[in-house]
Amino acid sequence: MASKKIIAICQSGGEFVTNKDGSLLYNGGEAYAMDIDQHTLLSDFKAEVAEMFNCSVDSMTIKYFLPGNKKTLITVSKDKDLNRMVSFVGDVDTVDVFILTEELPARNVSNTPASRSSRTTVSEAALPPVASDENDNIGHPIDMEITNLTPLSGIPLDSAENKYQKAAQQWENTITGVDQRFASFNEFREALHKYSIAHGFAYRYKKNDSHRVTVKCKSEGCRWRIYASRLATTQLICIKKMVGEHTCDGASVKAGYRATRGWVGSIIKEKLKVSPNYKPKDIADDIKREFGIQLNYSQAWRAKEIAKEQLQGSYKEAYNQLPLFCQRIIETNPGSIANFSTKEDASFHRLFISFHASITGFQQGCRPLLFLDHTPLNSKYQGELLAATAADGDDGVFPLAFAVVDSETDDNWRWFLEQLKMALSLSQPITFVADFHNGFKESLPKVFNNAYHGYCLRYMAEKLNKDLKGQFSHEARRLMVNDFYAAALAPKLEDFQRCMASIKAISVEAYDWVIKSNPKQWASAFFEGARYNLMMSNFAQLFYSWVSEANELPITQMIDVLRGKMMELIYTRRMESSQWITRLTPSKEAHLEKEASKARSFQVFSHVGQFEVRGESSDAVDIDNWDCSCREWQLSGLPCCHAIAVIQCTGRNPYDYCSRYFTVDCYRSTYAESIHPVPSVGKTVQDEANQSAVTVIPSPY
């Protein structure tokens, strides 16, 4: 016989209110439904509930009403209790189950009956999560309950039970009286909330709209009240009337304090300004130490999210700001590219940014060499950041373009390459250093038909090491990976073959793996493009470190942080290079001097149109074609020691045989243009975005 199944309506986040007849009414919070039967284990039930409400199993208390009795709550603490609950409901198909946690303790609040639509609890409205929205509840007066608190006076402050009162003393004067001014209604509400905690009373909003707020003490007949409204001809909020004395005994009513996520968020947001990486564990420890309130990790994490939104604005709204934000980028930085696209449901798909200063800097001063890579974003709506970076004449990172996409897919990479091609107008072939997955293999030659694709050595080495794991010891794998790198960097065929022989001596399987991995795409001895000995797509670690610092911000703010970093980088390098007095950039000047010192001991012999240089080895140099049999000149763009020996022997100038990309003049051309600020990234853009016909919502990812 099949066991009886019922639907448990699980509710959490609200509070119990006692009606005049003594029955309990549960107001507010969230509700989820789940099937249970007499065989459901309490541990399984708790685990699913914890996932529903993102709370801790250990801090959870489960209660329900017996049929026909709304005055007594029954606790479920073991499997037998859960089984009884299923049996007690009789023929009814549903049962209301109340989930109480440390964050939301149950308490009885004496009150007259009221509908759920006419009153909002403190957890729902006391501290609006987004400080910029001042029009919440316009036209809907709120009768709001704030938990009664023990007043500060008369409390032994050294009691561990009342630790939070010590910290709350700083809030005694957050409300000072008539003529006190606030920047917004939200600031006034927050000050009032803290004031009520410090003075231990509950209050209700009687008027609460975009023009005025009237608040009175919750105790019937008490004279305490406060009235605030906009100060004429300004945006300030001013307290116009206040009766500051209570004529009730409500302040002496002792009840448990509820640490709502909004309240914790308001407490920690000042510290979050100074320490953006404030960890949830540290938040919980600080709240425990300063207020005597215990939070679990998930509660602290959610409080941090609320605080971040109060400080930074809504993550969701930031997507809706994208149309105007892109327009602002183009207006303030003419010649820049800022494109975005959405899916059919208006959800965000992808965004491409390339500033004019980056485009011209790359075209005028950088080698035709680009590094493509990606990094995951840890923002609220996640996604991936794709980037194309170049190398300046001193081998410094030069960001060219980046994109935020919903996920790293072949389609998104192709779109990124298409946007990149539209931004560039180069006649010579470009060498790309990137991953070797099929998306790049197929997209690169189609979008850039004369480009070269050099496989990133880091990705190659990681795959080799992964594929060999389990077959060989760590030491054997380490040696084979080292030999792989040596083979990739080997300038000549015989050097490459020697490295491959070393791999083969350890493992024929590894040797076959390397040979089948298409060495023409990664080995210097065969590669036809120009990589200048820069072999890894993660060359741009500086840029990705900026991303890691900003990727928790709303999308528009993250982009503006990256813009600011790029602006600062360009200005700093322009100023630094203005002091250089050498012909080449510092690193290339040092390289040339090092090669010149080696050349002093060489012997040079002249042949018809060519030279032979003898030192530790014998190498042929063709000075007119910038060619040496060691191949270092061709690979690096700077004369090798053999070439310098010939140049000096013939009375020529070594600087005349260096790639122009390494000259100080070329370097200065790279950083000649500036990236300009994009004003009004915050509220002004948000206000204008609200008037925009284009709607963008976050991608569900």
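Student: Where do I start with the inside of the protein?

Tutor: Remember first that the model is predicted. Then start with nonpolar side chains. In soluble globular proteins, they tend to be buried together. Here the largest nonpolar core has 128 residues.

Student: Which residues have the most contacts inside this core?

Tutor: Find Leu385, Leu420, Trp522 and Phe543. Then look at strand β16, residues 397-405. Strand β16 gives the most to this core, with eight residues.

Student: What does Trp522 touch, leaving aside residues up to four places away in sequence?

Tutor: Trp522 touches Tyr455, Leu457, Met460, Phe484, Ala487, Ala488, Phe496, Val514, Ser517, Arg531 and Met535.

Student: How do I read strands that lie side by side?

Tutor: Strands of a sheet pair through backbone hydrogen bonds, either parallel or antiparallel. Take strand β5, residues 94-100. Strand β1, residues 5-18, runs parallel to β5, and five bridges join them. Ile9 has Asp96 in β5 as its bridge partner.

Student: In which sense do β3 and β5 pair, parallel or antiparallel?

Tutor: Antiparallel, over four bridges. Strand β3 covers residues 61-65. There, Thr61 has Leu100 as its bridge partner in β5.

Student: How many of the residues of β5 are buried?

Tutor: Five of its seven residues are buried, so call β5 mostly covered.

Student: What is the strand order in the open sheet of four strands?

Tutor: The order is β19-β20-β21-β22, with antiparallel pairing. Now check the edges. β19 (603-606) and β22 (627-628) each have a single partner strand, so one side of each is left without a neighbour in the sheet.

Student: How many bridges pair β21 with β22?

Tutor: Two bridges pair strand β21, residues 618-622, with β22. Asp622 stands opposite Asp627 in β22.

Student: How many salt bridges does a search of the whole structure find?

Tutor: The search finds 21. To read one, pick the two side chains and check the N to O distance. Arg478 and Glu475 meet in a salt bridge at 2.4 Å, N to O.

Student: Where do Arg478 and Glu475 lie?

Tutor: An α-helix has 3.6 residues a turn, so residues three or four places apart point the same way. Arg478 and Glu475 both lie in helix α15, residues 474-489. They are three residues apart, about one turn of the helix. Arg478 is partly exposed, with a relative accessible area of 37%. Glu475 is partly exposed too, with 41%.

Student: Which salt bridge links distant parts of the chain?

Tutor: Arg652 forms one with Asp624, with the closest N and O atoms 3.8 Å apart. These two residues are 28 residues apart in the chain. Arg652 is in the loop between α22 and α23 (664-670). Asp624 is in the loop between β21 and β22. Arg652 is partly exposed at 34%, whereas Asp624 counts as exposed at 58% relative accessibility.

Student: Is Asp209 buried or exposed?

Tutor: Buried, with a relative accessible area of 15%. The side chain of Asp209 meets that of Arg212 in a salt bridge, 3.5 Å from N to O. Arg212 counts as partly exposed, at 35% relative accessibility.

Student: Which residues are linked in a network of salt bridges?

Tutor: Lys78, Asp81 and Arg84 are linked in this way.

Student: What does the side chain of Asp406 make a polar contact with?

Tutor: Its partner is the side chain of Asn412, at 3.0 Å. Asp406 is found in the loop between β16 and α12 (410-423). The relative accessible area of Asp406 is 11%, so this residue is buried, under the 20% cut-off.

Conventions: Residues are numbered from 1 along each chain as its sequence is written. This is a predicted model: local features need pLDDT of at least 70, side-chain atom pairs count only at pLDDT 80 or more; totals for chains, interfaces and linings use all residues. Side-chain values use heavy atoms; hydrogens and water are left out. A nonpolar core is a set of buried Ala, Val, Leu, Ile, Met, Phe, Trp, Tyr and Cys residues joined through side-chain atoms within 4.5 Å. Buried means under 20% relative accessible area, exposed over 50%, partly exposed in between (1.4 Å probe, protein chains only). Contact means heavy atoms within 4.5 Å. Two strands pair if DSSP finds at least two bridges between them. A salt bridge is a side-chain nitrogen of Lys or Arg within 4 Å of a carboxyl oxygen of Asp or Glu. A polar contact is a pair of N or O atoms within 3.5 Å; within protein, one must be able to donate a hydrogen and the other to accept it, and residues adjacent in sequence count only if both atoms are side-chain atoms.
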